[in-house]
Amino acid sequence: MLRIGLTGGIGAGKSTVSATFAECGGIIVDGDVIAREVVEPGTDGLAGLVEAFGPEILLPDGALNRPALAAVAFSDEEKRATLNGIVHPLVGQRRAELIEAAAPDAVIVEDIPLLVESQMAPLFPLVVIVHAAENLRVARLIEHRGFTESDARARISAQATDEQRRAVADVWLDNSGSQADLVERAQQLWFNRILPFARNLQSGEAVAAPLQPVAYDAGWADEAHRIVARLQTACGHRVVRVDHVGLTAVPGTDAPDVIDVQVTVESLDVADELADALQSVGYLPLADGIDAVEPDARSTVGQFDHSDDAALWRSRLHASADPGRPTNVHLRVAGWPNQQYALLFTDWLRANPGADTAGAYRLAWEWADATGWRP
């Protein structure tokens with residue numbers, strides 16, 4: 001099962017993308033629909049809202065008067081937080097029930113209006129953001145939903161900023177053109193990335209990492225930040241630390257277009273226990289391997305363990321099933337030489353831009369001993 005997080009600001013066109021994904025075969029779990037269900041007459045959700053905001057938010061027939069609720073709840077930050085505190089847990093419970101009922105090979109598209117605001121992005125292997133400029137969104141809300149301009153801008157300002165959305169977006173779908181253009185881009189995304197991603201997960205086939213260097217991409221750091229957050233969320237307290245390592249972590253350095261992330265654990269047993277958690281966010285296990293360097297390159301000075309014991313160079317390697325973002329996830333044991341060296345190599349290159357990596361192991365450890373470097 002592959003879970004996709006879909007969101008976008010009000011008026012951006014998220015509903016069009018959601019409908020397109022549904023036509024392509026996705027199972028849509030719509031946060032707006034669920035949010036309406038959990039506050040229908042007779043529900044605990046509606047009772048909680050009445051208790052918090054008063055009976056004036058009800059229509060004569062006892063149903064929720066949504067414009068009246070919006071006028072009250074969006075008037076300040078504290079009231080908006082109260083609203084979210086009542087509705088979000090109920091929506092989450094219902095969402096979990098729907099996902100549990102889906103087939104194992106399903107692609108679940110979770111259409112969540114406040115995905116960014118609720119800090120849910122790291123829960124998903126892929127996050128799709130639908131975007132349009134504010135003035136265009138305002139015009140759409142006025143034309144198609146009957147908003148006044150002031151109401152439209154108030155709703156937009158109450159949601160996440162473009163910068164906050166970009167920070168969590170694996171895919172940024174621009175909707176500044178026609179609806180047909182957006183539908184076409186959504187279809188291309190589905191068939192070229194989402195569906196292959198889901199099939200790779202189902203078959204257990206990870207994406208091969210590219211080997212040829214390309215020019216440094218400033219976007220690598222942002223992508224790595226999202227991957228680190230995803231891994232930290234999936235693994236939780238069972239990991240010691242999660243770090244972006246390797247050449248793509250060194251600003252200005254050409255590198256193969258693959259993000260390397262090191263997950264530090266207390267033991268290889270813990271690494272093995274994390275396999276299901278890693279697969280749930282898109283990372284598949286590869287064959288066990290021993291990370292090693294040539295024995296004559298290993299330093300024997302300083303305060304770190306530069307052991308020749310091959311057992312201390314063992315690790316677990318996972319790789320992404322997402323064809324749009326090749327990633328290697330190295331699980332290594334805290335304090336073992338391979339875990340230390342991955343951190344050292346990255347810091348050494350950052351401190352010595354353009355350094356020749358031939359003989360890097362010896363040179364990096366000499367630098368560590370000379371500078372007092374610590375992981």
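User: Which residues are linked with Arg3 in a network of salt bridges?

Analyst: In this predicted model, Arg3 is joined with Arg95 and Glu110 in such a network.

User: What makes Arg94 and Glu37 a salt bridge?

Analyst: The closest N and O atoms of Arg94 and Glu37 are 3.7 Å apart. The cut-off is within 4 Å, for a side-chain nitrogen of Lys or Arg and a carboxyl oxygen of Asp or Glu, so the pair counts. Arg94 belongs to helix H5 (residues 77-100) and Glu37 to helix H2 (residues 31-37), so the bridge ties together parts that are 57 residues apart in sequence. By this rule the count comes to 18 salt bridges.

User: Why is Glu223 called buried?

Analyst: Glu223 has 19% relative accessibility, and buried means under 20%, so the term applies. Arg325 is also buried, at 8%. Glu223 and Arg325 form a salt bridge, with the closest N and O atoms 3.1 Å apart. Glu223 sits in helix H10 (residues 219-235) and Arg325 in the loop between strand S12 (314-320) and strand S13 (327-333), 102 residues apart.

User: Why is Arg362 called partly exposed?

Analyst: Its relative accessible area is 39%. Exposed requires over 50% and buried under 20%, so a value in between is partly exposed. Glu366, at 40%, is partly exposed as well.

User: How do you know that Arg362 and Glu366 form a salt bridge, and where do they lie?

Analyst: Their closest N and O atoms are 3.3 Å apart, and the limit is within 4 Å, so the pair qualifies. Both residues lie in helix H14 (residues 360-371), four residues apart, about one turn of the helix.

Technical notes:
Residues numbered from 1 in each chain as written. Predicted model: local features only at pLDDT ≥ 70, side-chain atom pairs only at ≥ 80, totals over all residues. Heavy atoms only, no water. Helix = DSSP H or I, 4+ residues; strand = E, 2+ residues; numbered from the N terminus. Buried < 20%, exposed > 50% of the residue type's maximum accessible area, 1.4 Å probe, protein only.
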